[in-house]
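Reader: I would like to learn how to read pockets and aromatic rings in a protein model. Where do we begin?

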Amino acid sequence: MISLLTGPDARDRCAWVGDDDEYRRYHDEEWGTPLHGDRALFEKMALEGFQAGLSWITILRKRPRFREAFAGFEPEVVAEFDESDVERLMGDAGIVRNRAKIEATIGNARLVRGMAEGELDELMWSFTPAVSDTRPAAFADVPAVTPESTALSKELRRRGFRFVGPTTMYALMQSAGMVDDHIAGCWRA
């Protein structure tokens, strides 16, 4: 499997971006960049949960509509959603219409609302692994799950969060910059 691709701007990037402009922008500007804040991490948790079983580009392309439909992922607002909101969201073709994921996002917002300000951020970042001196040389070197993502998943589940499995949490850790899995040779590495 190819690990790096040269883009139209002559920059070498992680090959998962392919030739998609939105993926390229996401890779260059967001993926692997440290992300902090309860709202931002709640959004990331929700979107990674919606991604389960789908490709990330599907979620990325629907992200603007997700943000509209879920009130900017403000936990305090989403926590107030009720059954009529669930039905509204189930009818919204601009998002992923999965009742279990919608209900989990609302339930997770209620849990975040019950936390102290900054607590979600502190909790998630407390599971960040030690920085490695070794950068992945190929995609085969990038894990899908780590002991840290498993521990984060376990702690979130203990607190009642849903759609936060170890693989989903590792994807969140990558996208939120808790780990840096840019392949050696990538311009972002």
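Author: We begin with residue classes. Ala, Val, Leu, Ile, Met, Phe, Trp, Tyr, Cys and Pro count as nonpolar, Asp, Glu, Lys and Arg as charged, and the others, Gly among them, as polar. The model is predicted, so local features need pLDDT of at least 70 and side-chain atom pairs pLDDT 80 or more, while totals for chains, interfaces and linings use all residues. Residues are numbered from 1 along each chain as its sequence is written, and side-chain values use heavy atoms, with hydrogens and water left out.

Reader: How do the residues of the lining of the largest pocket divide by class?

Author: A pocket, on a 1 Å grid over the protein atoms alone, is an open set of points where a 1.4 Å probe fits, with protein on both sides within 12 Å along at least five of seven lines; lining residues have an atom within 4 Å of a point. The lining of the largest pocket has 12 nonpolar, five polar and two charged residues.

Reader: What is the volume of the largest pocket, and which residues are the closest to its centre?

Author: A volume is the space filled by probe spheres set on the grid points, which are joined across faces, edges and corners. For the largest pocket this is about 440 Å³. Of its 19 lining residues, Trp 16, Trp 31, Trp 56, Ala 171 and Gln 174 are the closest to the centre.

Reader: Which helix gives the most to that lining?

Author: Helices are DSSP runs (H or I, at least four residues), as strands are (E, at least two), numbered from the N terminus. Helix α9 gives the most, with five residues.

Reader: How is a pair of aromatic rings described?

Author: By the distance of the centres and the angle of the planes. Rings of Phe, Tyr and Trp (its six-membered ring) pair if their centres lie within 6.5 Å; planes under 30 degrees apart are stacked, over 60 edge-to-face, the rest tilted. The count here is 10 aromatic pairs. The ring centres of Trp 16 and Tyr 26 are 6.4 Å apart and their planes at 65 degrees, so this pair is edge-to-face. Trp 16 is in the loop between β2 and α1, and Tyr 26 in helix α1.

Reader: Is Tyr 26 buried or exposed?

Author: Buried means under 20% relative accessible area, exposed over 50%, partly exposed in between (1.4 Å probe, protein chains only). Tyr 26 is buried, at 1%, whereas Trp 16 is partly exposed, at 24%.
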